[in-house]
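Reader: I am new to this structure and would like to look closely at a single part of it. Please take me through the sheet.

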Amino acid sequence: MKELIAIVRMNMMNKTKRALADAGLGSITARDALGRGKGIVDLQLLQGAEQGYEEAIAQLGQSQRLIPKRALLMVINDEVVDKAVKTIVKVNRTG
């Protein structure tokens with residue numbers, strides 16, 4: 001048995017649940033989560049904001065804030081781990 005945890009955007013939850021159910025993996029637990037991806041944030045700008053430079057903080061604007069997401073938790077048999085991961089990635093991949 002393996003525990004699989006995936007962080008999914010709120011707007012992708014229904015599509016992800018449907019794809020997992022279609023793949024025969026209908027049992028999931030979902031919890032609220034906060035986070036942010038890499039996005040299009042300039043890493044040097046982010047470092048400046050972390051160091052307290054107000055100019056960098058002003059340029060970042062809303063991009064450094066955490067946004068609501070869902071954490072999906074699944075306990076599944078070893079044989080279906082690859083299938084579950086591929087399904088979640090296929091549905092949620094943005095390129």
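In what order do the three strands form the open sheet?

Author: This is a predicted model, in which local features need pLDDT of at least 70 and side-chain atom pairs count only at pLDDT 80 or more, while totals for chains, interfaces and linings use all residues. Residues are numbered from 1 along each chain as its sequence is written, and side-chain values use heavy atoms, with hydrogens and water left out.

The three strands form an open sheet in the order β1-β3-β2, with antiparallel pairing; strands are DSSP runs of E with at least two residues, helices are runs of H or I with at least four, and both are numbered from the N terminus, while two strands pair if DSSP finds at least two bridges between them. The edge strands, each pairing on one side only, are β1 (2–9) and β2 (29–35). On average, neighbouring strands of this sheet are turned by 30 degrees against each other, direction ignored.

Between β1 and β3 (residues 67–76), which run antiparallel, there are eight bridges: Leu 4 has Met 74 of β3 as its bridge partner, and Ile 5 has Leu 73. β2 is joined to β3 by seven bridges, again antiparallel, and here Asp 32 has Arg 70 of β3 as its partner.

Helix α1 (residues 13–22) lies across β1, β2 and β3 and runs at about 15 degrees to β3, whereas helix α4 (residues 81–92) lies across β1 and β3, at about 5 degrees to β1.

How values were computed
Axes are lines fitted to C-alpha atoms, for helices over the stretch in contact, and angles run from 0 to 180 degrees between N-to-C directions. Contact means heavy atoms within 4.5 Å.
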